Amino acid sequence: MRRTVLVALLLIAAAAVPAVTPAASAATSSLRYNTFERPERGTAYTLGAWAQDGWTAPWEQGMSTRTWIDGYNFSHTGGKSLRVFYPKGKIGPADSGAQAPLQLTRGREYYLSYWVRFSSDFSWGTTEFAGKVGLGLAGGGSCSGGQVCDGTNGFSSRMIWRSGGKAAIYYYHMGHAGQYGDFVDLTRPDGSLIYYPRGQWVNLVQRLRVNTVTAGSANADGEIDIWYNGVQAASIRGLRFVTNADQVDKAYFSSFAGGATASFAPANDSWIWYDDLKVSNTRGDICELSGGCHTRTFQAEAYTLMNGVTTAATSDTGGGQATAFDTGDWIAFGNVNVPKPARYLVEYRIATAASNARLSLDINAGATPLGEVTLPNTGGTTQWRTVSREVEVPAGTHQFGLYASTGGFSLNWWKLTQIA
Ligand SMILES: [Ca+2]
Ligand SMILES: [Ca+2]
């Protein structure tokens, strides 16, 4: 029966099936990313968990005790994100936030991108206000923490918050002005200062290029650029980081409240959520810098073809309708344009009382299978949850098919979002 249907769909599919090509960047880029979708929700994101996702670090602070894979509240894409805790009254990496120098292949230039969401009552401090946000780029000895950077003990460049959530880049380079690193506030194109919003996802991208060295002397050609929601927000030139061969070799997760004194501690328990972390030596890998990452949501009931499914009102957030699948049922969506071959996150908004339901995705009437996911028992057909999977999708105009190899679930919507 499925085969007959597939043949029929093949005949309907107008466009020729394009050749499957790997993501354009795969051959030369050093892209690594983390959607935080793999771990079980509600678990700490330990160094071991980071390593399972391909990110290694020689040490950590707070990862085991103050991180949590949030599969319940907020995510930028998919159904999960990384939540980090900044307890009331605590400062410094031993008691606040999390740190881990995640190892990168050495390179002169790197791009680092991630999404952050501050809790809705995030506290910037008690009577003084500063803290470090998420990841930065660093190399060699990662000069930081009030050290003098002498060209042989490395460098670091991290995002910070200041009073009122003012956003800034804080960097240690040779000849920083005071005891601590220098900072530059982020600004909009009209010159106004950028403040991190609370309760809302924003994207931060940092580029760092290490200076060249001639005969053991640092040339003043190091660079840092910051983009806020895809728009340039800082551009620092003429920097000297090293006199030796150190390059960028760490995506330095370094986030905590403070400040050197308790006056910088949060006045109430505070959290930051992180999602869609990317690091690459290639700007083109950071779709946030290329007009945004292609994304499209499909309401399940808006199929162009189907077999067997039934449609009914949904209890899910946002209301509307959902589509119920028995084993062998399918829905298809024609004329879907995928602008570039890329890795996508495919999300399914599902509800099921079954523990063995399985949903597969394909394009062009099954000619290109895009994998299958086992759906978790969400606790019933009115309990909704987003599950996700990564897929490589070739460019072209496709017909997407969603097929219940084992049924017993409802689908409200599904979504494609370009990762890179
Ligand atoms: Ca995610
Ligand atoms: Ca729907």
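Lys80 counts as buried, at 13% relative accessibility; here buried means under 20% relative accessible area, exposed means over 50%, and partly exposed is in between (1.4 Å probe, protein chains only). The model is a predicted one, so local features need pLDDT of at least 70 and side-chain atom pairs count only at pLDDT 80 or more, while totals for chains, interfaces and linings use all residues. As for the bookkeeping, residues are numbered from 1 along each chain as its sequence is written, chains are lettered from A and ligands numbered from 1 in the order in which they are written, and side-chain values use heavy atoms, with hydrogens and water left out.

So what does Lys80 do in the picture? Donors are N, O and S atoms within 2.8 Å of the metal (3.2 Å for Na, K and Ca), and sites may look incomplete because water is not among the atoms. Thr35 sits in the loop between strand E1 (32–34) and helix H2 (47–52), and Lys80 in the loop between strand E2 (67–70) and strand E3 (81–86), so the pair ties together parts that are 45 residues apart in sequence. Helices (H or I, at least four residues) and strands (E, at least two) are DSSP runs, numbered from the N terminus. Thr35 counts as buried too, at 4% relative accessibility.

For orientation, ideal angles are 90 or 180 degrees for six octahedral donors.

The calcium ion (ligand 2) has its own set of protein donors: Gln299 (OE1), Glu301 (OE), Glu301 (OE), Gln321 (O), Asn412 (O) and Asn412 (OD1), lying 2.3 to 3.0 Å from the ion. Gln299 in strand E17 (residues 295–299) and Asn412 in strand E27 (residues 409–418) are 113 residues apart, and the pair links distant parts of the chain. Gln299 is partly exposed at 34% relative accessibility, whereas Asn412 is buried at 2%.

Next come the disulfides, meaning pairs of cysteine sulfur atoms within 2.5 Å. Searching the whole structure turns up two, and with bonded cysteines counted along the chain they follow the pattern 1-2, 3-4. In the link of Cys143 and Cys149, the sulfur atoms are 2.1 Å apart, and -90 degrees about the S-S bond makes the link left-handed. Cys143 is buried, with a relative accessible area of 0%, and Cys149 is buried at 4%. Cys287 and Cys293 also have their sulfur atoms 2.1 Å apart, but their link is right-handed, with 90 degrees about the S-S bond. Both of these cysteines, Cys287 and Cys293, are buried.

Finally, there is an open sheet of five strands in the order E18-E21-E26-E23-E24, with antiparallel pairing. Strand E18 (305–307) and strand E24 (368–374) stand at the edges with a single partner strand each, so one side of each is left without a neighbour in the sheet. Two strands pair if DSSP finds at least two bridges between them; strand E21 (residues 330–338) and strand E26 (residues 396–406) do so over seven bridges. In that pairing, Val338 stands opposite Gly396 in E26.
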